[in-house]
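I set out to look up how the chain is folded and what its surface is made of. My notes follow the structure.

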Amino acid sequence: MTSVVVPAPAPDQPIVDEVAGAARLAGALVDTLTTPIHETHRGIAGRVFGTLGPAGVPARLVHDAVSGVAYGTVRGGGRLAGAAAGAAVALSARGRDRRPISAHPLGAQALAFGSGLLGEWMDGRTDDLVVRSACTQHGRVLPTDPADLVAALDEPTDRLVLLVHGLAETTAAWGWWSEGADGQRVPSYAERLCEVGWTPLEVGYNTGLPVDRSGAELADLIGALVAAWPEPVAELAVVGHSMGGLVTAAACHHG
């Protein structure tokens, strides 16, 4: 069972446009990466001018002024170009639903990799691409409203198990080993848990955030889920893979 999470926005949230977000991300990266390049350039030039002594001061003043304007133009231009491209791409949808990048397994994995690498930096800059903490079943994001949750669940039981993936992964990671050595499909983790009376749910989250913050978000997510569950929860288990284990431990601390 391979699932891809495509969150549906709540009524009070803006519609997520991952394609437009990717355009904005390109501009934001140009803006951010230009600064260390400029600093490296200035450091190298400083050593050269330092060897020239007072005779090199006029040339250094001109160099610093010109390079400052050049790098500033690149930063500002990249930022504005990214914002303009993102706005243009968003407008091109003209209110129609656009197939999100995460709808394709490779696209979802690319976003997860970007989240693991730049997730904290992206938060607040390119929110269309930021992975938000969410609980899913068969790839569908579950609502926290009790009435909506009952309608969305598939055969709920009073025994819950949450599957928390690792760094730069998606909830699809729990289905990676569903093909046996002979090519025949074998039951996934979730399917095996269903067979023994558990209700398995996957947790997706921004793996680029600090573990403590992700743990606090997971604790809140669990609290809301248990409160909205259609029947009293008798048992709750959390299975964390790799970084997911650290996030789970942090959630236990917060909880």
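I began with the surface: the chain exposes about 14,000 Å² (Shrake-Rupley method, 1.4 Å probe), and carbon and sulfur atoms supply 63% of that area. I then noted that 35% of the 255 residues count as buried, meaning under 20% relative accessible area with a 1.4 Å probe and protein chains only.

I kept in mind that this is a predicted model, in which local features need pLDDT of at least 70 and side-chain atom pairs count only at pLDDT 80 or more, while totals for chains, interfaces and linings use all residues. Residues are numbered from 1 along each chain as its sequence is written, and side-chain values use heavy atoms, with hydrogens and water left out.

I found seven helices and five strands in the chain, taken as DSSP runs (helices H or I, at least four residues; strands E, at least two) and numbered from the N terminus.

I traced the five strands into an open sheet of mixed pairing, ordered E2-E1-E4-E3-E5, where a pair needs at least two DSSP bridges. Strands E2 (140-141) and E5 (235-240) stand at the edges with a single partner strand each, so one side of each has no neighbour in the sheet. E3 (residues 159-164) pairs with E5 in the parallel sense over six bridges, and Val161 stands opposite Ala237 in E5.

Methods. Buried < 20%, exposed > 50% of the residue type's maximum accessible area, 1.4 Å probe, protein only.
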